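Colleague: I'd like to learn how to read the features of a model like this one. Please take me through them one at a time, starting with the general idea and then turning to the case at hand.

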Amino acid sequence: MKTPILAPSLLSADFSNLEAAVRQIEKNNGSAIHIDVMDGRFVPEITYGHPVVRSIRKLTDLPFDVHLMVERPENQIESFINAGADWLTFHFEATPHAHRLVQMIHERGKKAGIAICPATPVTALSEIAEYADIILVMSVNPGWGGQSLIPSCVDKIAALKEMREAGNGSFLISVDGGVNRETVAGVLAAGADVVVSGSSFFNGSLKWDC
């Protein structure tokens with residue numbers, strides 16, 4: 001079994017001191033930095049854009065896992081790649097052209113991720129999974145930090161693992177939302193390869209010694 005990747009989410013960091021947040025991630029076994037981009041349309045909240053990503057890129061060599069919770073993500077890919085993104089994950093629900101978007105990301109030499117909301121079934125990805133590098137299971141409704149994990153979403157992790165074992169892709173399985181010291185064992189047991197944690201990581205309650 002591969003060692004799971006911890007990708008702490010800056011959504012729960014102190015925005016007035018993102019350098020301190022980056023150093024905390026480096027110090028506490030983070031292997032990537034998850035950057036939640038919200039546009040106020042696909043989800044109600046607004047976070048930050050590519051200027052912020054560019055400004056923190058010089059602080060670390062850790063991969064930037066940019067999660068685009070935006071409408072028409074195809075219009076944002078180039079800007080975030082230029083700002084320093086390494087992995088770009090868009091929502092399956094946000095574009096009718098998922099395959100084209102994965103191609104765009106790969107053509108720029110970056111890893112392509114596809115995220116699904118809690119109401120979207122894993123079966124919706126049957127035609128695109130083999131092209132993805134990462135599939136992100138949202139285990140809360142996207143848009144806010146600090147929510148509780150929706151238990152049924154853990155079954156999606158297991159279903160994606162079965163899909164992969166059946167030969168439909170070699171993607172990593174990522175999970176985002178409500179992962180804390182009580183729920184992390186369950187998502188790892190289900191087959192998660194990448195764990196995104198915000199509130200629990202930054203308040204110190206989730207200790208990562210995997």
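Colleague: Among contacts in the protein chain between residues at least 6 apart in sequence, what percentage joins residues at least 24 apart?

Modeller: A contact here means heavy atoms within 4.5 Å. In the protein chain, 63% of the contacts between residues at least 6 apart in sequence join residues at least 24 apart. Please keep in mind that this is a predicted model, where local features need pLDDT of at least 70 and side-chain atom pairs count only at pLDDT 80 or more, while totals for chains, interfaces and linings use all residues. Residues are numbered from 1 along each chain as its sequence is written, and side-chain values use heavy atoms, with hydrogens and water left out.

Colleague: How many helices and strands are there in the protein chain?

Modeller: Both are DSSP runs numbered from the N terminus: helices are H or I with at least four residues, strands are E with at least two. The protein chain has seven helices and eight strands. It is as compact as a globular protein of that length, because its radius of gyration of 16 Å is close to the 17 Å that the globule rule gives for 210 residues. That radius is taken over C-alpha atoms, and the rule is 2.2 Å times the number of residues to the power 0.38. Along the principal axes, the C-alpha atoms fill a box of roughly 45 × 40 × 30 Å.

Colleague: What percentage of the 210 residues counts as buried?

Modeller: The classes rest on relative accessible area with a 1.4 Å probe, protein chains only: buried is under 20%, exposed is over 50%, and partly exposed is in between. Of the 210 residues, 52% count as buried.

Colleague: Let's look at a buried residue, then. Where is His34 found, and which residues is His34 in contact with beyond four places in sequence?

Modeller: His34 is in strand β2, and it counts as buried because its relative accessibility is 1%. Leaving aside neighbours within four places in sequence, its contacts include Ala7, Pro8, Asp65, Leu136, Asp176 and Val196. There are polar contacts too, that is, pairs of N or O atoms within 3.5 Å; within protein, one must be able to donate a hydrogen and the other to accept it, and residues adjacent in sequence count only if both atoms are side-chain atoms. The side chain of His34 makes one with the side chain of Asp36 at 3.0 Å, and another, of 3.3 Å, joins the side chains of His34 and His67.

Colleague: And Ser197: is Ser197 buried or exposed?

Modeller: Ser197 counts as buried, because its relative accessibility is 2%. It sits in strand β8, residues 194-197. Beyond four places in sequence, Ser197 is in contact with Leu6, Ala7, Pro8, Ser9, Val179 and Leu206. The side chain of Ser197 also reaches the backbone oxygen of Val179 at 3.3 Å, and a polar atom of that side chain lies 3.4 Å from the backbone nitrogen of Phe201.

Colleague: Which helix does Ser200 lie in?

Modeller: Ser200 lies in helix α7, residues 199-202. With a relative accessible area of 11%, Ser200 is buried, and Val179, Asn180, Ser205 and Leu206 are its contacts once neighbours within four places are set aside.
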